[in-house]
Number of protein chains: 2
Amino acid sequence: MRKIYTNYYICFHQPRNMSNQNINIPEVSVDCVIFGFHATDLKVLLLKVYDSEYWSLPMGSVSRKESLGMAASRVLEETTGIGNVFLQQFQTFGAVDRYKYYSKEQTKAVLESSKKEVTESLSYQSTISIGYYALVDFEKIAPPFKEYQWCAISEIPNLLFDHNDFVDMALVALRKDLRYLPIAKLLPEKFTLREMQKLYETILDREFDRRNFHKLLMRYEFLIKLPEKRKGGANKPPNLYKIDVDKYETALQDGISY
Amino acid sequence: MRKIYTNYYICFHQPRNMSNQNINIPEVSVDCVIFGFHATDLKVLLLKVYDSEYWSLPMGSVSRKESLGMAASRVLEETTGIGNVFLQQFQTFGAVDRYKYYSKEQTKAVLESSKKEVTESLSYQSTISIGYYALVDFEKIAPPFKEYQWCAISEIPNLLFDHNDFVDMALVALRKDLRYLPIAKLLPEKFTLREMQKLYETILDREFDRRNFHKLLMRYEFLIKLPEKRKGGANKPPNLYKIDVDKYETALQDGISY
DNA sequence: AATAGTTAGTGTAAATTTTACGCACTAATT
DNA sequence: AATTAGTGCGTAAAATTTACACTAACTATT
């Protein structure tokens, strides 16, 4: 006979002492992987940890007065100035001592540089992090300021804590959900078909035939051909396109095949 | 000129007062959607809230000494006795006051029935819940005990808090990731091709041709034909199959098309 | 002004995959 | 014997994916 435990009722937590109530939820943070696209590279925006040589992802805590999505959006705005972007939750991380285990020497350095008297507390803080990724227009936040740096996916250094895992898993999620994601948000408002193709090729790490790709995209009718062309190259200037937002969203409902 | 905020360093939380330290992380829970499959129905295991008429999903808090996956596994074991199952994190929920906002009268009833003097505290507790779904063999935990009830997806009543959202989103995630998920875990160890087909048909809400489905599955070579047949019906007894675990996992890496 | 070099833009045919379904045979129930 | 449903083969139609070659427009060079 299988043993069935008897505490089958919902176990309510003890009420916390709210006297020194912080508006933020302790031990929970939101960490953001910000994707941008430039030339043929998928890039991630890294943030330099104050007064140290280390890099991390933008992160922050969650207020009790906001939803997770709002928190992610706010954190992004506060740390980078980027607002109003597409954000997608992809995974929540909560390994034991994950802030302690990874990059021990980095963590120590950061603690020292942060000039606060927090020595051991870090390992008990932000034990759980909700990962979001953002799709942003690279050009809108370039050139980077010295505290931030766009970094190609393939060249990302060791990051603080387990942030390298965040980047890896964000990329996995991005690839998996590609059919349903508005990846055009990684492009500038006006773009060429070739740029869009490059974007797909970079994310999926495969090549498309120019003509077939063209046909494929045109099926969905969310591309508006502009009367402008992009001059400057020593070649026939390509047409510029922009997105018909309504039609794009409709197409994304069903998924865009490739 | 875009305004860039200056707090670009990582903001460490104030250390919490650890004197009345609870081993569990307050305000965080793990909630489980347990999928089972019976006849032609996809079902979810619901848990009756102690001494009330309401139902909820199995849930519990997360210890600081365990990872999220371990917590989900433990919660499942503790509440239902089910162990060693496939668990998949699908989404983390954290809307403002989501425990207060949903099912106000239900929450109240539960609070009263729980016979604890927690009145307002609930709305500040378990603000964030990490959703996992499990794929289990329906037969192994049937017949249900009175505190639990298998409930067909289409007949789920109003659940506590925002647990209806959990079920909806778990199903969306299940459908989306179907190609990569070991949904055979929803079947008994020995099963017929027809049962597997029904399973796919139920999850995807579409029909397959018997012969084509047969061909499709056989391509992957993860089905082992057993010398047994399932007798009982007024017809030719169908063959029984079991899974070749190694080959199944290999096939799932690349995804099983349908 | 002519030319070379580069990339853009476009349609059609072949190959492959998916879907639909026919048929012969088997093995149980009633 | 009639009925019901599974097994396993095949084949044809439909849909999708892949392969492929030329002309056009611009810049840079001479």
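Helices in this talk are DSSP runs of H or I with at least four residues, numbered from the N terminus. Please keep in mind that this is a predicted model.

With that convention, A:Leu76 is located in helix H1 of chain A, which covers residues 68-80. Is A:Leu76 buried or exposed? Since 20 or more other C-beta atoms within 10 Å make a residue buried, and A:Leu76 has 24 of them, A:Leu76 is buried. Not counting residues up to four places away in sequence, its contacts are A:Cys32, A:Pro58, A:Ile82, A:Val85 and A:Ala134. A:Gly94, by contrast, lies 18 residues from A:Leu76 along the chain, with 21 Å between their C-alpha atoms.

One of those contacts, A:Cys32, deserves attention. The largest nonpolar core has 108 residues, and within that core A:Cys32 and B:Cys32 touch the most other members. Leaving aside neighbours within four places in sequence, A:Cys32 is in contact with A:Leu76 and also with A:Leu57, A:Pro58, A:Met59, A:Ala72, A:Val75, A:Tyr132 and A:Ala134.

I turn now to helix H4 of chain A, residues 163-176. Its 14 residues reach 20 Å from first C-alpha to last, close to the 20 Å expected at 1.5 Å a residue. Its buried residues are A:His163, A:Phe166, A:Val167, A:Ala170 and A:Leu174. In general, an α-helix has 3.6 residues a turn, so residues three or four places apart point the same way. The face turned away from the buried side of H4(A) carries the exposed residues A:Val172 and A:Arg175. The cover over the buried residues includes strands E1 (24-38), E2 (41-48) and E6 (128-135), among others, as well as helix H5 of chain A.

Finally, the DNA. Around DNA strand C there are 20 residues, the closest being A:Arg211, A:Asn235, A:Pro238, A:Asn239 and B:Lys236. Two or more residues of that surface come from each of H5 (193-204) and H6 of chain A and H6 of chain B; H6(A) gives the most, with 3 residues.

DNA strand D is surrounded by 19 residues, with A:Ala234, A:Lys236, B:Asn235, B:Pro238 and B:Asn239 closest. Here the division is 5 nonpolar, 6 polar and 8 charged.

Note on methods. Residues numbered from 1 in each chain as written. Chains lettered and ligands numbered in written order. Predicted model: local features only at pLDDT ≥ 70, side-chain atom pairs only at ≥ 80, totals over all residues. Near = placed C-beta within 6 Å. Nonpolar A, V, L, I, M, F, W, Y, C, P; charged D, E, K, R; others polar. Expected span 1.5 Å × (residues − 1). Buried ≥ 20, exposed ≤ 12 C-beta atoms within 10 Å, placed from the backbone. Contact = placed C-beta atoms within 7 Å. Core = buried A, V, L, I, M, F, W, Y, C linked by C-beta atoms within 7 Å.
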